[in-house]
Amino acid sequence: MSTASLPVRAALPEVELVKKLPASVDALLFPAFTGEDGPEFPACPALDKDVTSTILAQLKAVDATGKAGEITRIPGIDTPVVAVGLGSAEDLDDEALRRAAGSAARALRGVSSIAVAFGPVSLSALVEGLLLGAYDYPGFRGADAEEAPEPIHSIAILGDPKAQKDELLAALITVESVYLARDLVNTPSSHLYPETYADVIRAEAKKAGVDVQVLDEKALEKQEFGGILAVGKGSARPPRLVKLSWSPRRARSSVAFVGKGITFDTGGISIKPSAHMENMISDMGGSAAVVAAVLGAARMHLNVAVTGYVALAENMPDGNATRPGDVITHYGGITSEVINTDAEGRLVLADALARASEDKPDYLIDTATLTGAQLVALGVNTSGVMGTETFRDRLAEIGRSVGEPAWAMPLLEEHEKSVRSPIADIRNVDNTRNGGMLYAGTYLSKFVGEGIEWAHVDIAGPSFNEGSAKGYLPVRATGVPVRTFLALLKELAEQS
Ligand code: BES
Ligand code: MN
Ligand code: ZN
């Protein structure tokens, strides 16, 4: 990949708000609710009464219930009607709406144009659910491959084009940010490695009006980024540190993000078993979320200063690779004994956290596919959040409120002892499996500047879905925690 763009991108459906339902669409989406006796199909000004009652009768005839996520196609009318179950009208919250809309969009893959008449529901949640559910990574297939169904091309939503213009725009920027993070994570390491990744970031940042600085391996050496260099040493593809900055004039506060960008994690000399190693193309999910969040904040013109540091390296075993037992010196001077070269994420994050702390941001957030222990502790869907207590709790709460489950986790006293090394300041693992996610948090805390509000978000499970698609959650890259970050930034921009 020599150009500064990703080899393939998922297509984003076009969305517009319309006052009247367009005459020619391939499917019309309406909500159905669960009522006391069977489904309820709310009267809709866009349909005449006879049509409404015909549809209701047809829903009943096929035993539809209106339960959340139930998708029922009703034939026999000019335009096919799709009833989207939203569950009980009283319980409908944003997340239920996003999930149902996502299920509908997935069920309608192959349908080119749809119109949506959902009544007075949250437009942002509706748009997020539909578009995030419609996401389809095209991948790389030869010309003779069987044709896959095309993603939805255009979506017309019944609403108020003027009054809801800003809300639609913000929702679309949010969705595009998640698409960018997903596309980056889904791109295989054959195509995405530190150099090409930095090129893509530079090009995307320029489009969004964000300042970019790329440190190549020479600059990293000169400025003594010993952690990033140590991890990148075993690869023929040298590492990068990319800094992004969105600096609006009337910034209310400043946030620095740090992202783990291991474009492939073999484990290095402490090599991983081969089963499922291919999923380690996703070990740059933290960096992708950081890039997407900084660019999203800029595109929304949020009044908060945002910087992003993404540490990009490929962790490979090689004659020149870092060995277990090596001692390295991080940016800022802290030394680490590398016990296990597979605990590489914390080594690159350490440098980037130390660098980000020099800028003295009000808030510092790092995110990483850091530990298998996150999956053991919290499962595949829930991110672990560590850091300074108030801010940690606030970020976890925001995550839950946008449908990106997150849970606050403690940093432990025992790890203050076990993080010490007999020959260096600290060591990257303590050779027990106990509380592995939390140990990594304690290790990172050593690189966070005094008095900075800090949160560390371990997204090992939630950023990559190895199971099946559900609601608006696709297979493979999920884009977590981009929406959490954008929600935080919106809050900070509006806070006096
Ligand atoms: N990238 C992995 C963590 C990971 C595991 C992410 C599974 C997504 C799914 C990380 O670099 C790693 O290898 N961590 C080790 C640390 C251990 C050596 C202390 C782990 O979790 O096994
Ligand atoms: Mn690793
Ligand atoms: Zn890793």
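This is a predicted model: local features need pLDDT of at least 70, side-chain atom pairs count only at pLDDT 80 or more; totals for chains, interfaces and linings use all residues.
Donors are N, O and S atoms within 2.8 Å of the metal, and water is not among the atoms, so sites may look incomplete. The donors of the manganese ion (ligand 2) are spaced D-x76-D-x1-E along the sequence. D265 lies in strand 10 (residues 254–265), while E344 sits in the loop between strand 13 (335–337) and helix 9 (345–358), so this pair ties together parts that are 79 residues apart in sequence.

The protein donors are D265 through OD, D342 through both O and OD, and E344 through OE, at 2.0 to 2.2 Å from the manganese ion (ligand 2). Six donor atoms surround this ion, and the angles they subtend run from 70 to 168°, which makes the arrangement irregular. For six donors to count as octahedral, opposite donors must be over 155 degrees apart and all others between 65 and 115.

The zinc ion (ligand 3) is 3.1 Å from the manganese ion (ligand 2), and D265 coordinates both.

D265 has a relative accessible area of 3% and is buried. E344 is buried as well, at 1% relative accessibility. Both assignments rest on the cut-off for buried, which is under 20% relative accessible area.

Strand 10 also contains K260. K260 counts as buried because its relative accessibility is 2%. The K260 side chain makes a polar contact with the side chain of D283, at 3.2 Å.

Methods:
Residues are numbered from 1 along each chain as its sequence is written. Chains are lettered from A and ligands numbered from 1 in the order in which they are written. Side-chain values use heavy atoms; hydrogens and water are left out. Donors are N, O and S atoms within 2.8 Å of the metal (3.2 Å for Na, K and Ca); water is not among the atoms, so sites may look incomplete. Four donors count as tetrahedral if all angles lie between 85 and 135 degrees; four count as square planar and six as octahedral if opposite donors are over 155 degrees apart and all others between 65 and 115; anything else is irregular. Helices (H or I, at least four residues) and strands (E, at least two) are DSSP runs, numbered from the N terminus. Buried means under 20% relative accessible area, exposed over 50%, partly exposed in between (1.4 Å probe, protein chains only). A polar contact is a pair of N or O atoms within 3.5 Å; within protein, one must be able to donate a hydrogen and the other to accept it, and residues adjacent in sequence count only if both atoms are side-chain atoms.
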